[in-house]
Amino acid sequence: MVQKVEIHLEDDLDGGPADDTITFALDGKDYEIDLSTTNAEELREALRPFAETGRKTTRSSGPRGTRSRASGNDPETAKIRAWPRRTATRSPTAAAFTRPSRTPTTPPSESGIKNVETDWSSPRS
């Protein structure tokens, strides 16, 4: 089965058929408007003197007003990340910052745990 989807744009100013979607920004807000060729040219003509005398800016790929994340190569970042490891205590949140040890910190005989042998073959009383 074949489906054919057609999208018809409607001019946001006069309700007629639109030929193009125009994007622009003003006062830190992004706008998008569907316009006919005639209305799109009128908008461009109206903005041309401002665009010609204004300064071009570069846009980030994210939404306006957001800051990009630090790369983590900053020496200060390394100090910040090391702090929880140095100051970790035995709390639930500190466990997230400590790495598990590969070797026991105390021998089994000193840890208070005793080896208990159980004979599972005899019935329990």
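**Exercise 1. Is Asp27 buried or exposed, and where does Asp27 sit?**

Step 1: Start with the accessible area. Asp27 counts as exposed because its relative accessibility is 73%; here buried means under 20% relative accessible area, exposed over 50%, and partly exposed in between (1.4 Å probe, protein chains only).

Step 2: Find the place. Asp27 lies in the loop between strand 1 and strand 2. Helices (H or I, at least four residues) and strands (E, at least two) are DSSP runs, numbered from the N terminus.

Step 3: Check the backbone. Phi of Asp27 is near 55°, which is positive although the residue is not glycine. Most residues other than glycine have a negative phi.

Before you go on: this is a predicted model, where local features need pLDDT of at least 70 and side-chain atom pairs count only at pLDDT 80 or more, while totals for chains, interfaces and linings use all residues. Residues are numbered from 1 along each chain as its sequence is written, and side-chain values use heavy atoms, with hydrogens and water left out.

**Exercise 2. Work out how many bridges join strand 1 to strand 2, and which way the strands run.**

Step 1: Take strand 1 as residues 20–26 and strand 2 as residues 29–35; 7 bridges join them, and they run antiparallel. For two strands to pair, DSSP has to find at least two bridges between them.

Step 2: Look at the turn. The two strands make a hairpin with 2 residues between them, and Asp27 is in that turn.

**Exercise 3. Describe the aromatic pair.**

Step 1: Count first: the structure holds 1 aromatic pair. Its partners are Phe24 and Tyr31, with 5.4 Å from centre to centre and 20° between the planes, so the pair is stacked. The rule: rings of Phe, Tyr and Trp (its six-membered ring) pair if their centres lie within 6.5 Å, and planes under 30 degrees apart count as stacked, over 60 as edge-to-face and the rest as tilted.

Step 2: Check the surroundings. Phe24 is partly exposed at 27% relative accessible area, and Tyr31 is partly exposed too, at 37%.

**Exercise 4. Track down the salt bridges.**

Step 1: Know the rule: a side-chain nitrogen of Lys or Arg within 4 Å of a carboxyl oxygen of Asp or Glu. That gives 3 salt bridges.

Step 2: Take Asp20 and Arg44, whose closest N and O atoms are 3.6 Å apart. Asp20 belongs to strand 1 and Arg44 to helix 1 (residues 37–53), so this pair ties together parts that are 24 residues apart in sequence. Asp20 is partly exposed at 33%, as is Arg44 at 35%.

Step 3: Stay in helix 1, where Arg48 and Glu45 lie 3 residues apart, about one turn of the helix. Their side chains meet at 2.2 Å, N to O.

Step 4: Finish with Lys4 and Glu6, at 3.8 Å, N to O. Lys4 is exposed, with 71% relative accessibility.

**Exercise 5. Say where confidence is lowest and where it is highest.**

Step 1: Get the overall picture. The protein chain has a mean pLDDT of 75, and 58% of its residues reach 70 or more; pLDDT is the predictor's confidence in each residue, from 0 to 100.

Step 2: Compare the elements. Confidence is lowest in helix 2 (residues 75–87), at a mean of 74, and highest in helix 1, at 95.
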